[in-house]
Amino acid sequence: MRVAVFPGSFDPITIGHLDLIQRASKLFDKVIVVVLMNQNKSTLFSIEERVQFIKDMTKDIVNVSCCHGEGLSVHFAKKYQACAFIRGVRSIKDFEYEQTLALFNKELDDTIETVVLYSDPKLAHISSSAVKEMVRYGVDVSLYVGEHIATLMHHRIVGESL
């Protein structure tokens, strides 16, 4: 069985992430989306909430599962005998970051490949950070994260219901 791990903070998951998950699910027998704790990031949603959002958005993709983890993604991939990491790239800036990450991961375990999926051009501008910023200015972001997550974001960032 060919298992791939898609690690990230997913705060929150966007339709761009979902597109990558759907595409990866066609390439691998199993895709494990892992929400990793990043000590350097302040998050809007708890790790449990983020896992639930992903589970809700991927419930119809039978070979996708989601969980959370700590530490290096390479350790998580080894634990689940994954052969690949899934990484998404929207821009040159993303590419440079992902290339550095891939090189470190290759040094840590050269049996795990990094598979880069380029964003759909229609979704390349969408990021969790940009979506949070739009909410701060009162923009409805439900097209980017779904209605439920958009409502929760608005409540947490602005402090009122939509």
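Colleague: Why does Gln81 count as exposed?

Modeller: The cut-off for exposed is over 50% relative accessible area, buried is under 20%, and partly exposed lies in between (1.4 Å probe, protein chains only). Gln81 has 68% relative accessibility, so it counts as exposed. Keep in mind that this is a predicted model, where local features need pLDDT of at least 70, side-chain atom pairs count only at pLDDT 80 or more, and totals for chains, interfaces and linings use all residues. Residues are numbered from 1 along each chain as its sequence is written, and side-chain values use heavy atoms, with hydrogens and water left out.

Colleague: What makes the phi of Gln81 worth a note?

Modeller: Phi of Gln81 is near 50 degrees, a positive value in a residue other than glycine. Gln81 sits in the loop between helix H3 (73-79) and strand E4 (84-89). Helices (H or I, at least four residues) and strands (E, at least two) are DSSP runs, numbered from the N terminus.

Colleague: What makes the peptide bond from Asp11 to Pro12 cis?

Modeller: Its omega is near -5 degrees. Pro12 is in the loop between strand E1 (3-8) and helix H1 (15-25).

Colleague: How do you know that Asn63 is buried?

Modeller: Its relative accessible area is 16%, so Asn63 is buried. Asn63 belongs to the loop between helix H2 (47-58) and strand E3 (64-69).

Colleague: What does the side chain of Asn63 reach?

Modeller: The backbone oxygen of Ser25, at 2.8 Å. A polar contact is a pair of N or O atoms within 3.5 Å; within protein, one must be able to donate a hydrogen and the other to accept it, and residues adjacent in sequence count only if both atoms are side-chain atoms. Asn63 also touches Phe28, Asp29, Lys30 and Val31, with residues up to four places away in sequence not counted. Contact here means heavy atoms within 4.5 Å.

Colleague: Which residues is Leu44 in contact with?

Modeller: Asp11, Lys132, Met153, Arg156 and Ile157, leaving aside neighbours within four places in sequence. Leu44 and Met153 are 109 residues apart along the chain, yet their C-alpha atoms are separated by 7.8 Å. Leu44 is in the loop between strand E2 (30-36) and H2.

Colleague: Why is His148 called exposed?

Modeller: Its relative accessible area is 52%, so His148 is over the limit and exposed. His148 is in helix H7 (residues 147-158). Its C-alpha atom is 9.2 Å from that of Phe53, 95 residues apart along the chain.

Colleague: How do the elements of the chain run?

Modeller: From the N terminus on, β-α-β-α-β-α-β-α-β-α-α-α. That is seven helices and five strands.

Colleague: Why is the chain called as compact as a globular protein of that length?

Modeller: The radius of gyration is taken over C-alpha atoms, and the globule rule is 2.2 Å times the number of residues to the power 0.38. For 162 residues the rule gives 15 Å; the chain has 16 Å, close to that, so it is as compact as a globular protein of that length. Of the 162 residues, 44% count as buried.
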